Each structure stands twice: as structure tokens, then as C-alpha cells.
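Subject: Handing over the structure

Hi,

Here is the structure I promised to pass on.

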Amino acid sequence: MPLHIFITAGEASGDVLGASLMAALKKQTGGAVRFSGVGGPLMAREGLASLFPMTDLSVMGVAEVLPKLNLILNRIKQTSEKIKKINPDVLVTIDAPDFSFRVARQVRDCCPNPPRMIHYVAPTVWAWRPERAKKVAGLYDGIMCLFPFEPSYFEAEGLKAAFVGHPMLESGYERGDGAAFRQTHGIPESARSCGVLFGSRAGELKRMGPLFTEVMARLAALDPGTHFIVPTLPHLEEKLRFLLRRIAGVNIHITSDPGQKWKA
């Protein structure tokens, strides 16, 4: 029987990590692994049929959480009940601690024989709220850390911890070619360029998008030759293009292509 892993991600950055982990596990096991869980488009490409849309969990701050609180609580319950029903060998929760830790707690409480449970992306206990290390140790069997100095904080609480590297190092950023980006998008070498980062959540775009757009318009008025480079994600691209239509005539280059974003 192939190893059955239930894997969850709650936002775009987690989707990147999840897809990379799934690809690596398939390679290491020769394909003798199957996945269930919650994820985004990148994890879907690796074969995950998400239990529900990952965007249901992509919220930040009280202003976004409160209107969706009932939905989020239902998704936590739905996820834990699904894990209990299908009884996977391993549960991997990726970042999104408000969601992940509640799922882990419910699984611990409701499953007679819970799966091995691993959290991916250690909370920054070295920066603030160090007591979280003990909380995580009480929930999980292991944790995967992005930085080499992090495992000791969790090992001190009796939790197995491993440094697995930062995704930036595998992202392809070092292959970025700014000159090629300028050529592809018709940006003169002498032109001023300005990167505009709207974020990865629909709520961020809704709240901050109009302000960002106003700033772009003001900068363009000061220097009409400025070219604005706007990396984004596929699920936001249509909304972003619609938003930026209000400043027609401004030099804007929107891209959701991963390779083009590193060139940008």
C-alpha cells in the first residue's frame, strides 16, 4: 500500500511549499505515495484534489477573519473529521498556524490512533512568544524548520525538529534576468522601474489596492516614463487587471508567471 499523506496549506506561500514537498516525496518513494488534503493550484498540479478551496482560509487580521469566522470554524471541523474518516498515515500541516494548530488539536482529541503529525514552517519563537514552542511540541510529532538555528528551540521541548532549507534557495531567483524582462516587456533600459507588490490575498487587494493604485498614478504624474512592474498570482490577476484599468495610460506590466516574476 502506498504511504497516505494528508497535507494542508492555507495560503499561496503554503501552496508553494506543499507542491515542492509533494514532488520531492513522489520522487523519493518512486511514486509510492498518495495525497489528500487542502491546497491550491500548485498542489493540484502535483495531484491533490483539495477538500475545499484553499482561498477559504486565506485571511489575515480581525477585519478579514470575523466575516468568515463561521466558515473557517466549519472548515477546521470538516478537515479534522475527514482525517478521522480516512485515517491517513501522516498529517502534514503547512504554516497557517491558526488553522493548522486547531486541526491538529481536534485530530489529537478525536482520533483513537492519530496519524503521525508534522508541522512545516516553524513559528518564529526566536523572535516573539517563545511559549509557542511548548504548545507545538504538545501537538506534533515533528516540525520542519526553514532556518538552521530553529530546531534547538523545539528540541528543548522534546519535539523532533529538522532544518529543511528555505524555499527561496530552490525558487530560481538566481536565474532572474532583468535585462531580458525589460526586453520582453518593452521597457527602455534607461526608464525608471517601480515594483508594486499587492500581496497574495484577495482581502489585501480589496483593502489596499485602491491606495496602491493612487500612489502609482501620482508617481506616474511626476515621471510619465516610469514603468510599474506588478508580480501577482493567477487567482488575483483578473481582479488586479480590473483594478488597474482606472489608471489607463500608465506603463504597467502585470505577470503571474513564476519565471517572469524572478526576472522582474
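A word on the ground rules before the tour. This is a predicted model, where local features need pLDDT of at least 70 and side-chain atom pairs count only at pLDDT 80 or more, while totals for chains, interfaces and linings use all residues. Residues are numbered from 1 along each chain as its sequence is written, and side-chain values use heavy atoms, with hydrogens and water left out.

**The overall picture**

The protein chain has 11 helices and nine strands; helices (H or I, at least four residues) and strands (E, at least two) are DSSP runs, numbered from the N terminus. Its C-alpha atoms fill a box of roughly 65 × 40 × 35 Å along the principal axes. Of the 264 residues in the protein chain, 42% are buried. Buried here means under 20% relative accessible area, exposed means over 50%, and partly exposed is in between (1.4 Å probe, protein chains only). If you take contacts (heavy atoms within 4.5 Å) between residues at least 6 apart in sequence, 63% of them join residues at least 24 apart.

**The cores**

A nonpolar core is a set of buried Ala, Val, Leu, Ile, Met, Phe, Trp, Tyr and Cys residues joined through side-chain atoms within 4.5 Å. The largest one has 29 residues, and F99, V107, V136, Y140, I143, F154 and L159 have the most contacts inside it. Two or more residues each come from α4 (69-86), α5 (97-110), α6 (132-139) and β5 (142-145), with α5 giving the largest share, five residues.

**Two helices packed together**

Next, look at α9 (residues 202-222) and α10 (residues 234-244), which pack at an angle of about 35° with their axes 10 Å apart. Axes are lines fitted to C-alpha atoms, for helices over the stretch in contact, and angles run from 0 to 180 degrees between N-to-C directions. On the α9 side you'll find A202, L205, G209, P210, T213 and M216, and they meet L236, K239, L240, L243 and L244 of α10. By class, that contact has eight nonpolar, two polar and one charged residues. Ala, Val, Leu, Ile, Met, Phe, Trp, Tyr, Cys and Pro count as nonpolar, Asp, Glu, Lys and Arg as charged, and the others, Gly among them, as polar.

**Two buried residues with polar contacts**

D56 sits in the loop between α2 (41-45) and α3 (61-65), and it counts as buried because its relative accessibility is 12%. The side chains of D56 and R75 are joined by a polar contact of 2.7 Å. A polar contact is a pair of N or O atoms within 3.5 Å; within protein, one must be able to donate a hydrogen and the other to accept it, and residues adjacent in sequence count only if both atoms are side-chain atoms. Beyond four places in sequence, D56 is in contact with K68, L71, I72 and R75.

H253, in strand β9 (residues 251-255), is buried too, at 11% relative accessibility. Its side chain makes a polar contact of 2.8 Å with that of H227. With neighbours within four places in sequence left aside, H253 is in contact with H185, I187, H227, F228, I229 and V230.

Most residues other than glycine have a negative phi. Which values do D95 and A96 have? Phi is near 50° for D95 and near 40° for A96, both positive. D95 lies in the loop between β3 (90-94) and α5, and A96 is in that loop as well. D95 is partly exposed, at 24%, whereas A96 counts as buried, at 17% relative accessibility.

**One more stop**

K82 is in helix α4 and counts as partly exposed, at 31% relative accessibility. Not counting residues up to four places away in sequence, K82 touches F6 and L51.

Over to you!
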